[in-house]
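Trainee: Could we go through this one label by label? I'd like to see each word set against its cut-off.

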Amino acid sequence: MTATSGTLEATPTLTALDRCDRCGAQAYIRAVLASGGALLFCNHHGRDVEPKLRPQTVEWTDESERIS
């Protein structure tokens, strides 16, 4: 039998396999919606939708600092 700790796991880091839902480029932004589900965006599209979408999210993860 496996015991569980009851703690939440951290949100995983976005990888090169995570793609923008708008254009298919590498995703650097994850928006977890209050209504359920999550959207992934490249830096460009994330900045474009942020003003309207961010108030509807429960989590906004921005990893764009990894862009070199």
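Trainee: Why is E63 called buried?

Mentor: E63 has a relative accessible area of 10%. Buried means under 20%, exposed over 50% and partly exposed in between (1.4 Å probe, protein chains only). The value of 10% falls under the cut-off, so E63 gets the label buried.

Mentor: Some ground rules: this is a predicted model, where local features need pLDDT of at least 70 and side-chain atom pairs count only at pLDDT 80 or more, while totals for chains, interfaces and linings use all residues. Residues are numbered from 1 along each chain as its sequence is written, and side-chain values use heavy atoms, leaving out hydrogens and water.

Trainee: What makes the contact between E63 and R66 a salt bridge?

Mentor: Their side chains come to 2.3 Å, N to O. The rule asks for a side-chain nitrogen of Lys or Arg within 4 Å of a carboxyl oxygen of Asp or Glu, so the pair qualifies. R66 itself is partly exposed at 35% relative accessibility.

Trainee: And how many salt bridges does a search of the whole structure find?

Mentor: It finds 5. One of them joins D48 and R22, with the closest N and O atoms 3.4 Å apart. That pair links distant parts of the chain: D48 sits in helix 1 and R22 in the segment before strand 1, 26 residues apart. Helices (H or I, at least four residues) and strands (E, at least two) are DSSP runs, numbered from the N terminus.

Trainee: What about E50 and R47: how far apart are their closest N and O atoms?

Mentor: 3.5 Å, and the pair counts as a salt bridge. Both residues lie in helix 1, 3 residues apart, about one turn of the helix. E50 is buried at 19%, whereas R47 is partly exposed at 35%. R47, E50, R54 and D62 are linked in a network of salt bridges.

Trainee: Why does R30 have no salt bridge?

Mentor: The nearest side chain of opposite charge, E59, is 4.8 Å away; Lys and Arg count as positive, Asp and Glu as negative, and His and the chain ends are not counted.

Trainee: What makes strand 2 and strand 3 edge strands?

Mentor: The open sheet of 3 strands runs in the order 2-1-3, with antiparallel pairing. Strand 2 (38-41) and strand 3 (57-62) each have a single partner strand, so one side of each lacks a neighbour in the sheet.

Key. Pairing = 2+ DSSP bridges.
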